[in-house]
Amino acid sequence: RLEQAAPSGSIYVDDAIASRVPGRQVVPGTHRLARRPAAAGQARTPPPDPAAERFLAPEIAAVESIGVPAGEHRRTAVAFLDLGGLSEIERSEGIEGVHQRLSRVAQAIEDARHEYAVQWTATDLGDDATVFILYAGAPVAIERADERLLRACSDIREMCSGLPVRIGVHSGRAFAADIGAIDRRTYAVIGDTTNMAARLMAKAPVGGVLASRDVIDRAGPTHS
């Protein structure tokens, strides 16, 4: 809600955080963090990242280690997976119930990632849902990317049977790049292809996978 209330270029915090922020870092009478002048400094180099191999897939870790500042346009299949109803689960079962379901979905995605060589690159935590984002064809091109991602999503749906999961899949040309600052960045695929996958997810029935005609045509008739 604070994110929606904050105007462009501002950071809003709640009362609990505002009470703990020292000095004049919060504008009086508001929930807005005050701006501070940017400090002049020397150019930084990427810090060593010993955790990269443990927490990132090898393909993503390789990109993060060298960076892709210019980015590239490439054909990519993109899937958005939504696990909803988390507020109700928390009310009825506590945060342990939410954690159990998130872990079950995460394990299903990880199993499918290994099976089909797709990439799980991002997780977006929301008020009542968590969205997981998967790619095939980026950062490394693979054969039959659409088919692999569609098969992965089908397996994930089966492994998450009984959970309020919805999945949208689309493919097309997209812009892929290493995005962020020198010491905090992420690999992302952005553009209309990604946006369409998100919209398909929003239209998918609970427990279903909704793929665009482009994906189905490239994956083959057995997936229609």
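Aspartate 82 is a buried residue, at a relative accessible area of 8%; buried here means under 20% relative accessible area, exposed means over 50%, and partly exposed covers what lies in between, all with a 1.4 Å probe and protein chains only. The model is a predicted one, so local features need pLDDT of at least 70 and side-chain atom pairs count only at pLDDT 80 or more, while totals for chains, interfaces and linings use all residues. Residues are numbered from 1 along each chain as its sequence is written, and side-chain values use heavy atoms, with hydrogens and water left out.

Back to aspartate 82: its side chain meets that of arginine 166 in a salt bridge, 3.7 Å from N to O. The term salt bridge stands for a side-chain nitrogen of Lys or Arg within 4 Å of a carboxyl oxygen of Asp or Glu. Arginine 166 sits in strand β4 (residues 165-181) and aspartate 82 in strand β1 (residues 72-83), so this pair ties together parts that are 84 residues apart in sequence. Strands (E, at least two residues) and helices (H or I, at least four) are DSSP runs, numbered from the N terminus. Arginine 166 counts as partly exposed, at 22% relative accessibility.

A search of the whole structure turns up ten salt bridges. Another of them joins the side chains of arginine 74 and glutamate 72, at 2.7 Å from N to O. Arginine 74 is buried at a relative accessible area of 14%, and glutamate 72 is partly exposed at 33%.

Over in helix α9 (residues 213-219), aspartate 217 and arginine 213 are four residues apart, which puts about one helical turn between them. These two also form a salt bridge, with the closest N and O atoms 3.6 Å apart. Both aspartate 217 and arginine 213 are exposed. Elsewhere, salt bridges that share partners link Arg144, Glu147 and Arg151 into one network. For aspartate 217, the relative accessible area comes to 52%. The C-alpha atoms of aspartate 217 and glutamate 147 are separated by 9.5 Å, with the two residues 70 apart along the chain.

On to helix packing. Helix α5 (residues 86-93) packs with helix α6 (residues 95-116) at an angle of about 130 degrees, and their axes are 6 Å apart. That makes α5 oblique to α6. Axes are lines fitted to C-alpha atoms, for helices over the stretch in contact, and angles run from 0 to 180 degrees between N-to-C directions; under 35 degrees counts as roughly parallel, over 145 as roughly antiparallel, 65 to 115 as roughly perpendicular, and the rest as oblique. From α5, Leu86, Ile89, Glu90 and Glu93 meet Ile95, Glu96, Gly97, Val98, Arg101 and Leu102 of α6, where contact means heavy atoms within 4.5 Å.

Threonine 193 belongs to helix α8 (residues 192-203) and is buried, with a relative accessible area of 4%. Leaving aside residues up to four places away in sequence, threonine 193 touches Thr76, Val78, His170, Ser171, Gly172, Arg173 and Ala174.

As for the cysteines, cysteine 153 is buried at a relative accessible area of 1%, and cysteine 160 is buried at 2%. The disulfide count comes to zero, a disulfide being a pair of cysteine sulfur atoms within 2.5 Å.
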